[in-house]
Amino acid sequence: VDISPFLNNLPGGKDTLQFSTEDASGSTSQAANIVEALEAGSTTLLLDEDTCATNFMIRDKRMQQLVAKDKEPITPFLHRVNQIYTQLNTSSILVIGGSGDYFDVAHTVLMMDNFSARDVTEEAKSIASSTQTSKADAEAPTTDLFITPRCLLKDSADSVVNGKVDAKEMYTILFGFDDDGARTELQLHNVEQLVEKTQTLAIAFTIKWLFNTQLHQSPTMAALLDAIDTTFDRVGVDTGNGLDEIRSGLNGGYARPRRFEIAAALNRLRPLAFRQHRR
């Protein structure tokens, strides 16, 4: 995945244009998750400061003075959030309590006051204009924000997906058998938006259906997700069978997952490889 909008010049010369690793840091994990969400067509990003990587979110004035920009591989989310909105038409909602730097870029600031939300945008903007906490303009990126599309490579995981498939629990899908007779396990424990096993089962058979019917022309991830939504939307005698299209016969054991959970599963299927579709 191309995480270069957020990270460049990693130690050891690690390529961020085609980033892949089995031991990602907090900042690289968050960058990859945001890029993958945008690629999947997200129109809103939800971020909780408590579960974010601090160095990915901000670089305060003192840190900017100590570590020069050309020595820092991370472009903080603070410096990309407006581009995400203006260039990709995607809003961001942040829950924060420790970083006032976002007052500069926020369109609306709500403060919880005794469990009631109060609009304090005007006050926050006044504080931002009178108290400079970072050199945001000096460190703002000068390049446009572009999310590089990726195409799924069918041959990379055909042998895995075309075997048996099952969801053993809400966060675990088991695929096929390898040469040793072991099954490939797809872990979805960090996909918190899943709410029941029937969604996970639908994701499992959707992936199998994709490999059998949709990957012959190497479509992009976005095109695949559009095809899934179109198929699931077709319900009726003359139009289609909705979720039952992913498996022959009628089955009442599926709940429809969103395109974002399907994308998250594909991104976590370790044997699956991608080819970037660069402009």
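Two strands pair if DSSP finds at least two bridges between them. Strands (E, at least two residues) and helices (H or I, at least four) are DSSP runs, numbered from the N terminus. The model is predicted: local features need pLDDT of at least 70, side-chain atom pairs count only at pLDDT 80 or more, and totals for chains, interfaces and linings use all residues. Residues are numbered from 1 along each chain as its sequence is written, and side-chain values use heavy atoms, with hydrogens and water left out.

Let's start with an open sheet of three strands, in the order S6-S7-S8 with antiparallel pairing. Its edge strands, S6 and S8, each pair on one side only.

Four bridges join S6 to S7 (residues 172-175), and Ala 167 stands opposite Ile 173 in S7. Helix H8 (residues 197-213) lies across S6, S7 and S8, running at about 160 degrees to S6. Here axes are lines fitted to C-alpha atoms, for helices over the stretch in contact, and angles run from 0 to 180 degrees between N-to-C directions; contact means heavy atoms within 4.5 Å.

**A look at a pocket's lining**

Which element gives the largest share of the lining of the second largest pocket? Strand S2 does, with five residues. The lining divides into 18 nonpolar, 10 polar and one charged residue, where Ala, Val, Leu, Ile, Met, Phe, Trp, Tyr, Cys and Pro count as nonpolar, Asp, Glu, Lys and Arg as charged, and the others, Gly among them, as polar.
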